[in-house]
Amino acid sequence: MSEQMIVKPTADGIAAAASAAAKGKGLPPVHKWNPPDCGDLDIRIARDGMWYYLGTPFGRPELVRLFSTILRKDGDKYYLVTPVEKVGITVEDVPFLAVDFEVTGEGETQRLTFHTSVGDSTTAGPDAPIRVVRDPDTGEPSPYVLVRANLEALIDRKSFYRLVDIGTHHPVDSISWFGVWSGGQFFPIIPSAELP
């Protein structure tokens, strides 16, 4: 009886499988794949959106883009998923960084389309909400926008300042909030009474 050889996943192997899966239009259907969990790989996405492998920054943006297309979040854990394997990776905050946005329309018909550092775009609205988490000690805001299927982008500081510039006041549950409109929905940032 021969022993089965256990193969440990590598970044190169995942990249090759991702390339094969990415043939065609659009994002690979990672939500439909249910491969075996092959453990963790030493890939880390820092809070600033930088990707690291074995402690070294990825040198090829196209590889980061490729890996970003096969990223999935199951529960609280992030995975790179191909049709044949699923490997866990470390994400310090959220996997994407929104580095810019475009504004079309105004008021309640305004649309905010965010662009990430890995090439994704998403228009904030009911299916792609903006949320702001405030640090309980410092009050510092961390704004996020949903990019796709449980995967969010941290909105970078310059973009957040631009959001504040176009913000307005609107009642939410009988309390006035300062926030922004997009896709027909108001996204609160801070209670109006707490503004300086």
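**View 1. Arg131 puts its charged end over the ring of Tyr144.** The distance to the ring centre is 4.4 Å. A charge counts as over a ring if NZ of Lys or CZ of Arg is within 6 Å of the ring centre and within 35 degrees of the ring normal. Arg44 does this too, lying over the face of Tyr52 at 4.3 Å from the ring centre. Keep in mind that this is a predicted model, where local features need pLDDT of at least 70, side-chain atom pairs count only at pLDDT 80 or more, and totals for chains, interfaces and linings use all residues. Residues are numbered from 1 along each chain as its sequence is written, and side-chain values use heavy atoms, with hydrogens and water left out.

**View 2. Phe101 and Phe114 make a tilted aromatic pair.** Their ring centres sit 5.3 Å apart, with 40° between the planes. Rings of Phe, Tyr and Trp (its six-membered ring) pair if their centres lie within 6.5 Å; planes under 30 degrees apart are stacked, over 60 edge-to-face, and the rest tilted. Phe101 belongs to strand 7 and Phe114 to strand 8, so the pair ties together parts 13 residues apart in sequence. (Strands are DSSP runs of E, at least two residues, numbered from the N terminus.) Both Phe101 and Phe114 are buried, meaning under 20% relative accessible area with a 1.4 Å probe, protein chains only.

**View 3. Trp51, Phe58 and Phe67 join into a cluster through ring pairs.** By the pairing rule, the count comes to five aromatic pairs.

**View 4. Gly107 sits in the loop between strand 7 (96–104) and strand 8 (111–116).** Its C-alpha atom is 9.5 Å from that of Gly167, 60 residues apart along the chain.

Technical notes. Helices (H or I, at least four residues) and strands (E, at least two) are DSSP runs, numbered from the N terminus. Buried means under 20% relative accessible area, exposed over 50%, partly exposed in between (1.4 Å probe, protein chains only).
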